[in-house]
Amino acid sequence: MTGSLLNPGKPIFLFLALLSFTRISSAQESPYIVTYDHHLEEPGNLEVEYFSTFGTQRAGNDFHAYWMEFEYGATAWWTTEFYLDAQTTFQDSSLFTGFRWENRFRPLQTEHFINPVIYIEYENISEADKTIKEVEGHDVESDFADLNAALRKEHDHELELKLILSKDYKGWNFALNPLATKNLSPDDPWEFGYAIGISRPLALRASPQPCRFCRENFIVGAELYGGLGDTQSFGLHETSHYLAPAVAWNLPSGWTVRLSPGFGLNDTSHRLLLRWGLSREFSGFGEIARSLFGGRQ
Amino acid sequence: MRMHASYMVLLGALAGGCLPAQQPKSRHYDPLIQVLQKVPEKARAKNNPFQNDPEAAAAGGKLFEQHCAECHGQMAEGGKRGPSLEAEELQHARPGEIFWILTNGIVRRGMPSWSKLPEPQRWQIIMFLQSLNGPEPRSHS
């Protein structure tokens with residue numbers, strides 16, 4: 001009996017059954033892949049996202065890292081996300097590299113000149129994780145050069161904190177995310193990093209007719225992100241940095257497509273991190289789950 | 001068994017405990033009146049730049065269907081998660097007041113901020129909302 005309940009097919013089937021009762025919702029997603037703005041998921045909605053990163057690797061094999069992201073709007077001021085990470089290193093192997101659980105809280109009830117959001121994430125990933133969802137500390141390209149068999153042996157349990165600062169002005173979004181990460185083993189120092197983003201829709205007003213290729217459906221932008229050392233050696237020495245133009249295409253059918261080629265800015269960065277993603281938002285997921293699991297009415 | 005129970009607890013807690021409470025469909029929605037009273041004078045005085053644009057209500061209808069109908073109903077008649085927007089208070093509200101609510105949301109009541117939509121699109125939605133009881137047909141679909 002226990003064996004059948006632990007069968008991983010059951011929760012997947014349950015999850016797909018829940019999705020089948022939901023309604024597709026149209027999203028207005030930003031093009032950012034690394035940076036966060038202050039906009040949270042709508043309450044009760046679930047966004048399912050797939051992202052890919054193709055990375056070049058000097059003194060090693062190029063790789064393709066990918067992750068699934070389940071983003072749920074628990075309330076209008078709290079969004080929670082669960083990630084599953086994996087990667088394939090060419091001429092080496094493919095492996096699951098771990099999971100992450102992220103929460104974002106909006107402390108202020110209304111829009112302000114700058115809007116803060118508090119970000120707290122727990123990561124349980126191996127050193128073989130190559131999603132490079134954020135760059136921190138002294139992360140450099142050579143860290144990823146070893147074979148998967150060696151990298152997977154070391155596991156990180158990390159706490160990551162971000163302060164998301166974001167502002168919308170005349171259609172533009174400006175976002176700044178300073179971050180601090182601590183491996184939960186006592187000997188490791190706090191590591192620091194940053195991400196900066198700017199974006200804008202190609203058109204600010206909507207056209208009266210539904211359309212796939214209207215300019216309003218495309219949001220373009222750029223991200224700049226990198227490491228800032230750690231508590232033992234703070235600064236830019238032995239850090240990596242990337243500049244990544246980005247575009248999001250929000251389709252009326254509820255799908256969003258993102259594309260972002262990131263270019264390393266110094267010799268310790270990967271030359272290219274080509275990222276793309278596909279996401280879809282399901283509205284009413286919380287309502288369906290509530291009715292099935294007997295939550296508060 | 002423990003694993004199965006933990007899925008139930010997690011999903012139940014996230015889905016049941018955290019969703020906004022069901023909103024009334026009545027044409028008099030008290031929280032809306034309270035929020036309308038809180039709108040700053042400067043925001044209240046803003047005029048809709050699309051006031052004389054005949055296409056704005058149709059564009060706003062399209063946006064409403066994409067972003068708002070899942071809570072407020074296809075024609076703003078109210079839904080399980082959001083109140084009717086045909087309420088008299090809203091129909092008589094000034095455009096600047098509705099714009100302020102759209103921009104800031106009513107976060108504690110489960111209405112998110114819609115500042116991620118560019119300002120012109122928020123004004124277009126207001127044109128649609130204020131056309132609901134007007135002489136023009138609801139022509140967005």
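Hi everyone. Let me start with one word: a residue is buried if 20 or more other C-beta atoms lie within 10 Å of its own. Please keep that in mind while we look at this structure, which is a predicted model.

With that word in hand, let's visit helix α7 of chain B. Which residues in α7(B) are buried? They are P95(B), E97(B), I98(B), F99(B), W100(B), I101(B), L102(B) and N104(B). That is eight of the ten residues of α7(B), so the helix is largely enclosed by the rest of the structure. And what covers the buried residues of α7(B)? The cover includes α2, residues 30-38, α3, residues 41-44, and α6, residues 88-91, along with α8, and these belong to chain B too.

Who makes the contact? From α7(B) come P95(B), I98(B), F99(B), L102(B) and T103(B), and from α8(B) come R122(B), W123(B), I125(B), I126(B) and L129(B). Sorted by type, the residues of this contact are eight nonpolar, one polar and one charged.

Here is some background for that. In soluble globular proteins, nonpolar side chains tend to be buried together.

So let's look at the cores. The largest nonpolar core has 28 residues, and those touching the most other members are F64(B), I98(B), I125(B), I126(B) and L129(B). In chain B, α4 (56-67), α5 (69-72), α7 and α8 each supply at least two residues of this core. A second, separate core has 21 residues, including I33(A), A65(A), I132(A) and A195(A).

That takes us to chain A, my last stop. How many helices and strands are in chain A? Chain A has four helices and 13 strands. Of its 297 residues, 44% are buried. Finally, take the contacts in chain A between residues at least 6 apart in sequence: 64% of them join residues at least 24 apart.

Conventions. Residues numbered from 1 in each chain as written. Chains lettered and ligands numbered in written order. Predicted model: local features only at pLDDT ≥ 70, side-chain atom pairs only at ≥ 80, totals over all residues. Contact = placed C-beta atoms within 7 Å. Nonpolar A, V, L, I, M, F, W, Y, C, P; charged D, E, K, R; others polar. Core = buried A, V, L, I, M, F, W, Y, C linked by C-beta atoms within 7 Å. Buried ≥ 20, exposed ≤ 12 C-beta atoms within 10 Å, placed from the backbone.
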